[in-house]
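Open the model in your viewer and keep the sequence panel beside it. This tour tells you what to select at each stop and what is there.

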Amino acid sequence: STGGSQKPEGQDEMHPFDKRNIHPEISRVSMNLFNDGHYSQATFEGFKYIDKKVKKLSGLSKTGVSLMLDAFKEQNPNIQLNDLSDESERDEQKGFSFLFAGSSSAIRNPRGHEVGNLDTVDRCLDHLSLASFLLRTLDERVAP
């Protein structure tokens with residue numbers, strides 16, 4: 001069951017979260033909101049979860065953009081995504097600091113400050129796919 005969504009007769013489609021392979025931790029905080037049509041709130045909760053996880057792993061007390069830029073910085077990062085052994089790996093670390101920070105600024109923050117539903121179902125799924133990608137990247141980190 002997808003929480004009351006209407007399906008045409010004879011079709012037993014998989015949930016959009018399964019089609020998109022949404023990370024289980026994102027599903028846990030976002031699926032009920034998504035199923036109830038609260039797409040912006042589902043997105044907000046998914047990215048809020050990432051913020052809290054980065055904060056916990058990094059030991060930093062910041063949130064949002066400054067948290068992400070500090071946690072994933074190139075020199076002595078609190079969260080190290082790879083071995084940082086060559087320019088390519090250092091570039092990857094730097095790029096992910098921007099992806100985490102940018103998603104916090106461009107996706108999470110507007111949904112934390114605005115009232116009403118900003119998102120369509122497809123936009124929500126795109127955002128949660130990005131959140132899942134970031135969370136899987138975090139799951140594969142080198143340290144801590």
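N76 sits in the loop between α4 and α5. Helices here are DSSP runs of H or I with at least four residues, strands are E runs of at least two, and both are numbered from the N terminus. Check the backbone: N76 has a positive phi of about 50°, although it is not a glycine. Most residues other than glycine have a negative phi. The N76 side is open, with a relative accessible area of 68%, so N76 counts as exposed. The cut-offs are under 20% for buried, over 50% for exposed and partly exposed in between, with a 1.4 Å probe and protein chains only.

Two sentences on conventions. Residues are numbered from 1 along each chain as its sequence is written, and side-chain values use heavy atoms, without hydrogens and water. Because the model is predicted, local features need pLDDT of at least 70 and side-chain atom pairs count only at pLDDT 80 or more, while totals for chains, interfaces and linings use all residues.

E74 is partly exposed, at a relative accessible area of 31%. Patch members have over 30% relative accessible area and no salt bridge; like charges are joined within 9 Å, and nonpolar side chains (Val, Leu, Ile, Met, Phe, Trp, Tyr) within 5 Å.

**A nonpolar patch**

Now select V65, L69 and F98. These form a nonpolar surface patch with about 240 Å² of accessible area together. Areas come from the Shrake-Rupley method with a 1.4 Å probe, and for residues only the protein chains shown count as cover. L69 lies in helix α4. L69 is partly exposed, with a relative accessible area of 34%.

**Zoom out**

Show the whole chain as a cartoon. The C-alpha trace spans about 55 × 30 × 20 Å along its principal axes. Of the 144 residues, 40% are buried.

**Into the core**

Which residues have the most contacts inside the largest nonpolar core? Select I26, I50, V54, M68, F72 and F100; this core has 27 residues. α2 (24-35), α3 (39-58), α4, α5 and α6 (121-139) each give two or more residues to this core. The largest share, seven residues, comes from α6. A nonpolar core is a set of buried Ala, Val, Leu, Ile, Met, Phe, Trp, Tyr and Cys residues joined through side-chain atoms within 4.5 Å. In soluble globular proteins, nonpolar side chains tend to be buried together.

**Salt bridges**

A salt bridge here puts a side-chain nitrogen of Lys or Arg within 4 Å of a carboxyl oxygen of Asp or Glu. The count is eight.

- Select K53 and E25. Their side chains meet at 3.3 Å, N to O. The pair links distant parts of the chain: K53 is in helix α3 and E25 in helix α2, 28 residues apart. K53 is buried, at 18% relative accessible area.
- E25, K53 and D139 are linked in a network of salt bridges.
- Select K48 and E45. This bridge is 3.1 Å, N to O. The two are three residues apart in helix α3, so about one helical turn separates them. K48 is partly exposed at 26%, whereas E45 is buried at 17%.
- Select K62 and D70. Their closest N and O atoms are 2.2 Å apart. Both are partly exposed: K62 at 34%, D70 at 26%.

Where is N21? Look in the loop between α1 (16-19) and α2. Phi of N21 is near 55°, a positive value in a residue other than glycine. N21 counts as partly exposed, at 47% relative accessibility.

Finish at P144, in the segment after α6. Select A143 as well: the peptide bond from A143 to P144 is cis, with omega near -5°. Most peptide bonds are trans.
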